[in-house]
Amino acid sequence: MSRELIIHSSGPGVTVQDMGRPGYLGFGLSRGGAADRMALLEGAALLGQWADCAALEMAGMGGTFEAGEDMVIALTGAPMKASIDGARIAWNASHALPQGARLSIGAVEQGSYGYLHLAGGIDTPELLGARGTHLAAGLGRALKAGDRLPVGPPARGAAANLTLPVSPRFAGGTVRVVPSLQTEVFPPEEIARFEATAFTRDTRGNRMGVRLVSPDKGFGTDSGLSILSEVIIPGDIQVTGDGTPFVLLTECQTTGGYPRIGSVLPYDLPIVAQAQAGVPLRFRFITLEEGVQIARREQARAEGLRKLRRPLIRDPRHMADLISYQLISGVTAGHDMEKADT
Amino acid sequence: MPCNEVGVMPKDASWPSLRTAGFDGFLVSFARSLSEPANRAALAFRAAVEQAGWAGVHETSTSLVSTYLRFDPLWETHDEMRARLAKLIDTRDWFDAPLPEGRRLWRIPTVYGTDLAPQLGEAAKMAGLSEAAAIASLSETRVRVQTIGFAPGQPYLGELPADWDIPRQSELTARVPVGALTVAIRQIVLFSVTAPTGWRHVGQTAIRLFQPEAEHPFVLRPGDEVIFPATTPEALSNMRDAGPMGGAEAEALK
């Protein structure tokens, strides 16, 4: 018996993630960390622990996992089909994962990045002050079958069978943008056209950024290709030489020479990160003052997340075999649950 | 030699400029285009912000001619932070600030052209030079690390002779390898990672600029100077096998 998570199989983009490593921007290393920070906050709230606990980020596809001892887990972010020993379990909820049980997490049903949190957090050694994998920088790597991840001691009161209402962010929508350094490089009519354009997220995209496509022509400035390279921050909307906008995400480069038409408000960045290819996205400029008001609301919401936890009420239609459940504790009876999800 | 030129900054009321950068940042820029004094000013201003130790400031960095600062707008308002920065800007003439202490001169062996660096011919043509003249120019010019950015430990170096004022390409090259030496707008970028880029790939080195497990993970620092002497593919291959420094050597700059 050991406090570790055993990976039996894994999708191609399963990584350890946390809130990233601030402080290295001047060395060219972007902060990195979870593509959807809100999902980390939600997972931490469900498990009653700090939001800097590292979790598994699963891009598009999960994997099969086993706990080395009894653990409590939580699932947040893009909903994925998940089961423990064959019995479907709810997303945005905490669950008991008994020692030896198989946790299976399949493909995303909506959105891009799902998260598996463990009470106590993943306790891999820190590298440059954090645990988050930074694929672009070559810090850490995607997980593969046979990996074993140490898990920290759980916080007191980490409880299974709690759920949390989540802010919807998995199907695109309107994203708020503040003006930034180079917004003025774009003529006002181009900015108006940018706001009026119905974009979709292109198939090209990863933790560094996502490309936007529209049936319309590209967005341009004459000076675009010769402006000086300048600092880039996650959320910046960079317009490359052919007029295509890219929204830069958590693992973006730290400087770049293509002009930025605006910068996505940090609280709306999960909407962009979570958008699957083909999902509609629109952009609306707001003022910094409006941004501050939104930040106040979001901070208050994040601080109050734990209070929103509710007991998980199971949907009998998703129970493989109702009789075999111990309905009081919510832990399954055992091996007889290994059958297909209904 | 360009990096020893004493630049003269035109007196212009609009510099330094102070702008917001995204929702939670400010950028203090010292020029519209790259100049040696503006680059020094940005480095010195960042050091001053760090030294000030303002609460609510999360992170600072420099780009070529600018200092960036990220802060918590709920701790201090944008107006308050703007006022703080404006006051600091007024404390001195940043353009005559000295370069950072502890600078070094590096020699990083480079293969120009061949299939290791396929865009030498194209870039030389844009610069109006024969390939031989292009190699001579790039391998003899001593350039300075103006900033580290884009990727971990990755330098922007300059300034190259005026021939090299060529634009970036509008389409991205899908990927250049670690150690790629690329050029545009009188600058060199030496890649620390494999990445897509709009800069033209004219040389290849064997140095790993980001060594996360090493005592000093980032090899180069702003202010360091670099020469890229020409070498052969065979010699480079041996230097690559010998370790992550790829045959690079450093000496202290007085």
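Guide: Two residues are in contact if their C-beta atoms, placed from the backbone, lie within 7 Å. This model is predicted.

Visitor: How do you know that chain B is in contact with chain A?

Guide: The cut-off is 7 Å between C-beta atoms. By that test, 43 residues of chain B are in contact with 42 residues of chain A.

Visitor: Which strand of chain B supplies the largest share of the side that touches chain A?

Guide: Strand 3 of chain B does, with five residues. Strand 3 spans 57–62, and strand 4 (66–71) of chain B is among the others that supply at least two residues.

Visitor: What makes residues of that side of chain B count as nonpolar, polar or charged?

Guide: Residue type decides: Asp, Glu, Lys and Arg count as charged, for example. On that basis, the side of chain B that touches chain A has four charged, 17 polar and 22 nonpolar residues.

Visitor: Why is 4–164 + 312–337 called domain 1 of chain A?

Guide: Because domain bounds come from an automatic or database domain assignment. For chain A, that assignment gives domain 1 those bounds, and domain 2 covers 173–302.

Visitor: How do you know that domain 1 and domain 2 of chain A are in contact?

Guide: Apply the 7 Å cut-off again. Then 20 residues of domain 1 of chain A are in contact with 14 residues of domain 2 of chain A. Helix 1 (residues 37–47) of chain A gives the largest share of the domain 1 side, three residues.

Visitor: How many residues are in contact between the domains of chain B?

Guide: Eight residues of domain 1 of chain B are in contact with 12 residues of domain 2 of chain B. The domain 1 side has five nonpolar, three polar and no charged residues.

Methods
Residues numbered from 1 in each chain as written. Chains lettered and ligands numbered in written order. Predicted model: local features only at pLDDT ≥ 70, side-chain atom pairs only at ≥ 80, totals over all residues. Helix = DSSP H or I, 4+ residues; strand = E, 2+ residues; numbered from the N terminus.
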